[in-house]
Every structure is written in C-alpha cells, then in structure tokens.
Amino acid sequence: MNVDIQLQGMTTGRYAEIISIEIRKVFSGDDVRICDGLISAAGKLAAEVSAALTCLSPSDLRAIGDMRSEMAELAAQFVRAVASEASGQCLPDAAGAPAGKPEALTFLSPGPGEHRGDLESMVLEDWAGRVAGATYLHEKMRIPRSTLHRWYRRKEVVALRKGPQRHVFPLAQFVDGRPASGIREVLNHIEYPRLAWFWLVQPSSLLEGRAPIQLLRQDMVSDVVSAARDYSKSL
C-alpha cells in the first residue's frame, strides 16, 4: 500500500515533483541526456526514502548520519534491489501470463541453512559492500602491509578471498584506520570469514533489525558478540 504521507506540509507526490525539477536543473547544462522517466523515478524514490526516514527514531537517524562513508554504496545496493524487483514484476511466468507480484523487497539474510558453498557462488561485490586490497589500504589509509598481516593472523580483521591467491578487506570494518573493536570475538564464534562478514552487514533480528557492523563501529561490542554467539549456535 502506498500511503501519501505529509512531508512538512506537502504530500510525497508533490515532494517527488519538486525533487524531479531540481534534478532536471542539475543536468540542464551538461552533455548528459536523461530521459523524463528516469528523472521521475529518481524523484519518487527520493520522496519515498524521505518519508520512510520520518518514521525512524532519533537514535536510528543518528546512526544513519554516522554512515556517511558507506551511504553511496548502500544507495547503489538499494537502487539495484528496486530495479530487480521491478524487473521481476515484468517477467512472464512459464505459461506466458504476467508473473504474480513478488514478495516484498528484502535484503539478504543469513539463516541456519546458509552454507559455505552458497556464499562462494555469490558475487562478492553484490553483498559485501566496498572492498579493497592491501595496496589501497596502504596508500589511502596508511595501513602498513605488516600491520594488516598481523591483524589477519590474530583474526582482528575480516579478509575475504577473491581469486585463488588474493584477499580483499571490507572497508566498512575500519574506523580511523583500525578494525572495529569486536571483530576478533565475532570471528571466534563465526569462524568462516565470508559467513561472518555476511552476518555482520545484514540487519539482525538478534539486534532489533540493526546491522552488527554498524554497532561495532559505535563500540557496542558486547551486544554484537552476544548476538554472534547466539547466531553461531544455529549454524
């Protein structure tokens, strides 16, 4: 159900129109050609997101504000997910009739039946967020390779295998050039790094729908470690 709620005295429909006008102004002097359908869709998405934000608690809004560095990737994931659902609504079923409306849009959520093979078959960038190798971390975050290797040996950092001999490191786990506190404890309970990171970046029912990695970034280590312990028991 699409409820047209009020945003500072205007409906989301009117808000979407205003955003669409501003988007058109931004690109009016560029060589980039954007169709009217794309501008309209961008306006509607922005309006619906704004409406959803008004329903969040002050603590949730502050948490989102602390995620500025990850916002672009999260937005990209959201738009891809919306596009995937939209495409699913247009696909015909085996009999040639329009497919039924798919389930409500959800993000991936690991469960007791999640196996290593399932994660190995998934494209890393589709679920892990931004990742980087040792060279990037050294050049951009001034993390020496020796330090990164020491963190890896001590299980203080999540390293994901990409290819036969290469590891990459999810950037969301770093705070001020160091792994967030609690990573090692999580890996002690969820030993397989790919599954551990999968769990860390997904909203967890054990943490009131919040993503564990965001709580670790806020030094809420005990809550996350306790949830990781409970989750590991279901594996």
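## Close-up views of a predicted model

**Figure 1. Contacts across the whole protein chain.** The protein chain contains 11 helices and 7 strands. Of its 235 residues, 32% count as buried. Its accessible surface comes to about 14700 Å², and carbon and sulfur atoms account for 54% of that surface.

**Figure 2. Helix H9 is mostly covered.** This view takes in H9, which spans residues 193–201. Of the 9 residues in H9, 7 are buried. Which ones are the buried residues of H9? They are Arg194, Leu195, Ala196, Trp197, Phe198, Trp199 and Leu200.

**Figure 3. H9 packs against helix H11.** Here we stay with H9 and bring in its partner, H11, made up of residues 221–233. Two packed helices are described by the angle between their axes and the distance between the axes. For H9 and H11, the angle is about 125° and the axes lie 12 Å apart. The crossing of H9 past H11 is right-handed.

**Figure 4. Side by side: the residues where H9 meets H11.** A closer look at the contact shows Leu195, Trp199 and Leu200 on the H9 side. Facing them from H11 are Val224, Ala227, Ala228 and Tyr231.

Figure 5. Glu208 sits in the loop between H9 and helix H10 (212–217). Its phi is near 60°, a positive value in a residue other than glycine. Is Glu208 buried or exposed? With a relative accessibility of 70%, Glu208 counts as exposed, because the cut-off for exposed is over 50%.

**Figure 6. Lys155 has a positive phi in another loop.** The loop shown here runs between helix H7 (145–153) and strand S4 (160–161), and Lys155 is found in it. Phi of Lys155 is near 60°, again a positive value in a residue other than glycine. Lys155 counts as partly exposed, at 30% relative accessibility.

Figure 7. Ala172 belongs to the loop between strand S5 (167–170) and strand S6 (174–175). Its relative accessibility is 14%, so Ala172 counts as buried. How far apart are Ala172 and Arg217 in sequence and in space? They are separated by 45 residues in sequence and by 8.6 Å in space, C-alpha to C-alpha.

How values were computed:
Residues are numbered from 1 along each chain as its sequence is written. This is a predicted model: local features need pLDDT of at least 70, side-chain atom pairs count only at pLDDT 80 or more; totals for chains, interfaces and linings use all residues. Side-chain values use heavy atoms; hydrogens and water are left out. Axes are lines fitted to C-alpha atoms, for helices over the stretch in contact, and angles run from 0 to 180 degrees between N-to-C directions. Helices (H or I, at least four residues) and strands (E, at least two) are DSSP runs, numbered from the N terminus. A crossing is left-handed if the near helix is turned anticlockwise from the far one by less than a right angle, and right-handed if clockwise. Contact means heavy atoms within 4.5 Å. Buried means under 20% relative accessible area, exposed over 50%, partly exposed in between (1.4 Å probe, protein chains only). Accessible areas come from the Shrake-Rupley method with a 1.4 Å probe; for residues, only the protein chains shown count as cover.
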